[in-house]
Amino acid sequence: MTPFGRRLRELRAERGVTLSQMAEAIGVSAAYLSALEHGKRGQPTWLMLQRIMAYFNVIWDEAEALRALADLSDPRVVVDTSGLSPEATELANLLAREIATLPPEAVAELLGRLKILGRPG
C-alpha cells in the first residue's frame, strides 16, 4: 500500500463509502480503485486526483496534503545516483535490495530521519 492509497482508504472509511460506491461516482472500476489503494497501480493522474478531491470535497491544505501524498506514492521508484558520491550509490542499491526485508520499525526510523533532513530551515 502506498501513502496515497492508505489516505484514500482512510477517507473512504471516515465517510462510510465503499470502494464500489466511490468507483462508480468518479467513473472508474472498483478494481482500478482497489489497485490504486494497494499500490499495484502507479500514481494517480492529475485528472484522477482532481476527481478524488472533488468526490471527498477536500480543499486547501487537505487537498495539498493529498497531492503531496500522491507525489510520494510511486510504487516503482528509480533513483538516479549519477554524479553523486559512491556512498550515495551504495546506499541506493542497498536500500533497493533490502527494503522488502526491513522490519517496520527500521523503515519507520529511516523515514523519520529522512523527514527531519528534508525539513526546510
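**Core, helix face and pocket**

Modeller: The largest nonpolar core has 21 residues, and F4, L8, M22, L33, I52 and L66 touch the most other members. Five residues, the largest share of this core, come from α4. This is a predicted model: local features need pLDDT of at least 70 and side-chain atom pairs 80 or more, while totals for chains, interfaces and linings use all residues. Numbering runs from 1 along each chain as its sequence is written, and side-chain values use heavy atoms, without hydrogens and water.

Colleague: What makes a set of residues a nonpolar core?
Modeller: The members are buried Ala, Val, Leu, Ile, Met, Phe, Trp, Tyr or Cys, joined through side-chain atoms within 4.5 Å. Buried means under 20% relative accessible area, exposed over 50%, and partly exposed in between (1.4 Å probe, protein chains only).

Colleague: How do you know which face of α4 is lined by buried residues?
Modeller: M48, L49, I52, M53 and F56 of α4 are buried. Seen down the axis of α4, these residues fall within an arc of 135 degrees (taken from the directions from the helix axis to the C-beta atoms), so they line one face of the helix. On the other side of α4, W46, L47 and A54 are exposed.

Colleague: What covers the buried residues of α4?
Modeller: The cover includes α1, α2, α3 and α5. Helices here are DSSP runs (H or I, at least four residues), numbered from the N terminus.

Colleague: Which residues lie nearest the centre of the largest pocket?
Modeller: V77, L95, I99, V107 and L111, among 28 lining residues. The lining divides into 21 nonpolar, three polar and four charged residues.

Key
Helices (H or I, at least four residues) and strands (E, at least two) are DSSP runs, numbered from the N terminus. Contact means heavy atoms within 4.5 Å. On a 1 Å grid over the protein atoms alone, a cavity is a set of points where a 1.4 Å probe fits but cannot get out, and a pocket is an open set with protein on both sides within 12 Å along at least five of seven lines; lining residues have an atom within 4 Å of a point. Ala, Val, Leu, Ile, Met, Phe, Trp, Tyr, Cys and Pro count as nonpolar, Asp, Glu, Lys and Arg as charged, and the others, Gly among them, as polar.
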